[in-house]
Amino acid sequence: MISEINPLELLPKDELLKDYIKRIRELKGLTRLKLAKLAAVHVSTIARIESGSTGAEKPRREVQERICKALQIPVEYMQASAKGQSVSHPQTNKVCLSCWVPGSSPDIRWSEVDARFCLKCGAGLRDQCERCKEPILLRGRFCPGCGSSYKRD
Ligand SMILES: [Zn+2]
Ligand SMILES: [Zn+2]
């Protein structure tokens, strides 16, 4: 398990799909073969994406979803990258205040647009300080607005 990846590193930034997928794969410490196995696709599919030979005809949606699931990134990131767009910031910075260790990388699944509850404990996700409503600062342990600890206990 690789747990200490800054979620900002997972965002596509002015790079081609082939470079993006390769970068994320390497960030996660996966070989092409390992990623192919995790995503249940043929290793040549990964090789084609990373060589850029899929080009404009992107991998099928189903394949995209499996690869993104294996890489633990929202499929929107891969699609943005395939269109040559960069995603400059996470769509949300929601966290589960029960499971999140303040200052550490939040679970990427919390940041999906329609995620409302934590998949681990079922608690509602928050993107604001419960006291002062300042947006939660993902790198911090304390709210910059009111100085209180994000951790309730
Ligand atoms: Zn939780
Ligand atoms: Zn606050």
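Helices here are DSSP runs of H or I with at least four residues, strands are runs of E with at least two, and both are numbered from the N terminus. This is a predicted model, so to speak: local features need pLDDT of at least 70, side-chain atom pairs count only at pLDDT 80 or more, and totals for chains, interfaces and linings use all residues. Residues are numbered from 1 along each chain as its sequence is written, while chains are lettered from A and ligands numbered from 1 in the order in which they are written.

**Stop 1: the whole thing.** Show the cartoon. The C-alpha trace spans about 50 × 25 × 25 Å along its principal axes. Of the 153 residues, 25% count as buried; buried means 20 or more other C-beta atoms within 10 Å of the residue's own, exposed means 12 or fewer, and partly exposed is in between, with C-beta atoms placed from the backbone.

**Stop 2: two domains.** Colour 7-82 as domain 1 and 90-153 as domain 2; the bounds come from an automatic or database domain assignment. Their C-alpha centres lie 27 Å apart. Six residues from domain 1 and six residues from domain 2 make the contact, where two residues are in contact if their C-beta atoms, placed from the backbone, lie within 7 Å. The side of domain 1 that touches domain 2 has five nonpolar, one polar and no charged residues. In that count, Ala, Val, Leu, Ile, Met, Phe, Trp, Tyr, Cys and Pro are nonpolar, Asp, Glu, Lys and Arg are charged, and the others, Gly among them, are polar.

**Stop 3: the largest core.** Which residues have the most contacts inside the largest nonpolar core? Select Ile24 and Ile73, and you have them; the core has 18 residues. A nonpolar core is a set of buried Ala, Val, Leu, Ile, Met, Phe, Trp, Tyr and Cys residues joined through C-beta atoms within 7 Å. Helices H1 (17-27), H2 (32-39), H3 (43-51), H4 (61-71) and H5 each give two or more residues to this core, and H1 gives the most, with four. Now zoom in on Ile73: leaving out residues up to four places away in sequence, Ile73 touches Leu10, Ile24, Cys68, Met78 and Ile108.

**Stop 4: the second core.** A separate core of 10 residues includes Val95, Cys96, Ile136 and Cys143. Centre on Ile136, in the segment after helix H5 (75-82). Ile136 counts as buried because it has 22 C-beta neighbours inside 10 Å. Beyond four places in sequence, Ile136 touches Asn93, Val95, Arg126, Asp127, Gln128, Cys129 and Tyr150.

Stop 5: Most residues other than glycine have a negative phi. Select Asp14, in the segment before H1: not a glycine, yet with a positive phi of about 40°. Is Asp14 buried or exposed? Exposed, because it has 11 C-beta neighbours inside 10 Å. Then jump to Ala40, in the loop between H2 and H3. Ala40 is not a glycine either, and has a positive phi of about 55°. With 11 C-beta neighbours inside 10 Å, Ala40 counts as exposed.
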